[in-house]
Amino acid sequence: MTRLRVAFAGPHITFQDAGRMGHLRFGVPASGPMDRKAFAIAQSVFSNPPEAAAVEISLGGLALDCIEGSVTFAVVGGGFIVQIGARRLGAWQVHTLHQGERLVIRPGPWGCWTYLVFAGRLLAPHWLGSSATHGQSGLGGGTLVSGQEVIVQDARTLPAAEGAIPCPIWARPRPVIHAVLGPQDRFFSPESLDDLASQPFYLTNAYDRMGLRLRGPSLTPVGALSIPSEPIVRGSVQVAGDGLATVMLADHGTTGGYPKIATVVSDDLDGFVQLRPNDAVRFKLVSPAQAVAMARAADRALRAYVTRGR
Amino acid sequence: MALYRPIADHAVLVEFGTAITDDAHAQVLALDQALAANPCKGFREATPAFVNLLVDFDPVQTDHAEVEAHLRRLADHPLTPRTPATWDVPVCYENAPDLAEVARGTGLSPDAVIAAHLAGDYRVYLYGFAPGYAYMGGLPEPLKLDRKTTPVRGVPAGQIIIAGTMCLITTLVMPTGWWIIGRTPTRVLTGDAARPFLFDVGDHIRFHRVSEAAFEALP
C-alpha cells in the first residue's frame, strides 16, 4: 500500500473512472474523464481496467506528498508540468514516487485536463458501481481536498516502465471541431446556421465539467422558447434565449428545453476540452454517416496506439 | 407519425409530437419498452422524455440508419404496455416554507392548496435536472404558478416542490426556483443497489397527508 496526502488541490480535481453509463434515464450523466482519450492512454500504461480510477487534474493544479511506500505513476493529457521535488518533468511521462517526495502537477504550455494514474489500485468511493464523480452532487469518487489521504493498494514500482509516452497527434487540442446539425436546427435562421459553420467562436471562462459557453455570433432561436424538455447528450450545442451557445460536457444536465442547434461528434470532444478560454474554435458540419466514420477511425487509432504500447 | 432525428455519431432521437400529450408520452414509453425487450445491435441506453426517446448506440458496432430501421420495425409491432406501478407518498404540509405564498399566488386558502395537491393524479414523465429528479405531471390547474424569479439555494432532499403543471421530490441539496409546499420521508434515490431509483418513468404517484408528529415518527 502507498499512502499519499493532498498538500494542495485546486478546484475541479476529482476521481474519475471511464464513466457511469446507463443512468441517463434517471437524471444521471455518465461523468467520467473530460478527455476520454488521454484517460484511456493513461490506464493502458499499466494495463489498468476501464473501471480503474484516476485523478483528473484541472488548471487548478495538485500537490501530493508521499507519506508511505513507493509507486510508479503516469501523468497523461495536456501539456502539464510535473515535478518531483526539484526535478522538473512533464506530462506524458512515467516516473516513480518514493516516501518523503512531493509530486506537483500544474498547468504548462497547453491543455486544461490531465490524468494521474498509478501502477496499483487507486481507492475511491463508488456510486452506482462507478467511481466517476458527478460534480454537482459530489456523488461517486468525489473532489480532492487539501489534507485528504489518497491510497493506492497493491502499489508496484516498475523501473522498466519509466520514461516518455508519445503524445499522438489525435490527443492534441482541436481548434476545428466537427458537428452534425440538429436535433433542433429548424429553430434557427439560415443566417445563424451559416454563422455556425463559417464564423470563429471563442471559449469563455464559463467553463466547467458541465459545459463550456462560447462567445461569437448570436444564434438567436426563433420561436423555440416552449419546446418540451428533452434528452441532452455530451456534445449538444445548446442555445439559450440570449443567442449564446454552450457545449454540454461530461457532467451535463440530462434534459433541457433549450434548442440544440448541433451536436459535436464524440471524437472531437477530447481535443475540444483541451483548448483554453479565449482560444478560437470553428465548427465544421458533417453528415451523420461521416460522423460515424470518424468515430470508427478514432477507435481504430486508439486501439492501435494502446496495443503498440504494450 | 414519428420523426427520427440523427444526433452526432451515436444517437437517434425519436419524436412523437411537439406538444406534451398523454398520447405522445404513451408512444415514448411503448417504444422504450419494446427496445428494452429487443435491443438493437450496439445499443447503449434509451432516455424517455415528454415527447421523444433518445436512443444511444455504439458507432463502432452500428450506425443511425441501422438503428432507425430497427426502431421502425419495433414501432410497427407494438407490445402490450407494461402496467405502471402506483406509489403512495406521504407528505407533511406543516411549516412548508412556500405554502402561504402559493395560497396568495393562486387565490386559494392554504387548506385548499393542500386539498388540490392531494387530489392530483401524478405520473412520472421523465427524470431530469439532477440525479433522481422525477418530473411528475398531473398537478391540478388551480395550482399552476410560474417559477420564482430567483432560485433559492441549498434546498434539502425530500421536499415536495411545484411549478407550472409539474411536481417533484427533491433528492439532493440543490438550488430550486420551484415552490416548496411540503416534505416527505420518501427517498427517490433509495441507496439500494438493486433499485437505486424508486420510480420508473410512467409510474403513478398518489400523495397522502401525514401530520408533523406522524412525519417525525416515520422511519
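**Chain A and its strands**

For 310 residues, a compact globule would have a radius of gyration near 19 Å, and chain A has 20 Å, which agrees. The model is a predicted one. Taken along the principal axes, the C-alpha atoms of chain A fill a box of roughly 60 × 35 × 30 Å. Chain A holds four helices and 22 strands. Of its 310 residues, 50% are buried.

The next step down is the division into domains. Chain A consists of domain 1, residues 2-167, and domain 2, residues 176-307. The centres of these two domains of chain A, taken over C-alpha atoms, are separated by 27 Å. Where they touch, domain 1 of chain A contributes 24 residues and domain 2 of chain A contributes 16 residues. On the side of domain 1 of chain A, the largest share, six residues, is supplied by helix α1 (residues 36-45) of chain A. That side of domain 1 is made up of 11 nonpolar, 10 polar and three charged residues.

The part to look at closely is strand β6 of chain A, residues 79-84, with its two pairings. One is with strand β9 (residues 102-110) of chain A, in the antiparallel sense and over five bridges. In this pairing, I81(A) stands opposite R106(A) of β9(A). The other is with strand β7 (residues 87-90) of chain A, also in the antiparallel sense, over four bridges. Here V82(A) stands opposite L89(A) of β7(A). What lies between β6(A) and β7(A)? These strands form a hairpin with two residues between them, and G85(A), in the turn, has a positive phi of about 60°. In a regular strand, side chains alternate between the two faces of the sheet.

T96(A) is found in strand β8 (residues 93-97) of chain A. Is T96(A) buried or partly exposed? T96(A) counts as partly exposed because it has 18 C-beta neighbours inside 10 Å, whereas a buried residue needs 20 or more. Leaving out residues up to four places away in sequence, T96(A) touches S70(A), V71(A), T72(A), T157(A), P159(A) and E162(A). P166(A) is 70 residues from T96(A) along the chain, and their C-alpha atoms are separated by 18 Å.

Chain A also meets chain B. Their contact takes 36 residues from chain A and 35 residues from chain B. On the side of chain A, the elements giving two or more residues are β17 (230-231), β21 (260-264) and α4 (288-309) of chain A.

Among the buried residues of α1(B) are V28(B), L31(B) and L35(B). The buried residues of α1(B) pack against β2 (11-15), β3 (43-48), β4 (52-57), α2 (64-76) and β6 (122-127) of chain B.

How values were computed. Residues numbered from 1 in each chain as written. Chains lettered and ligands numbered in written order. Predicted model: local features only at pLDDT ≥ 70, side-chain atom pairs only at ≥ 80, totals over all residues. Domains from an automatic or database assignment. Contact = placed C-beta atoms within 7 Å. Nonpolar A, V, L, I, M, F, W, Y, C, P; charged D, E, K, R; others polar. Buried ≥ 20, exposed ≤ 12 C-beta atoms within 10 Å, placed from the backbone. Pairing = 2+ DSSP bridges. Rg over C-alpha atoms; globule rule 2.2 N^0.38 Å.
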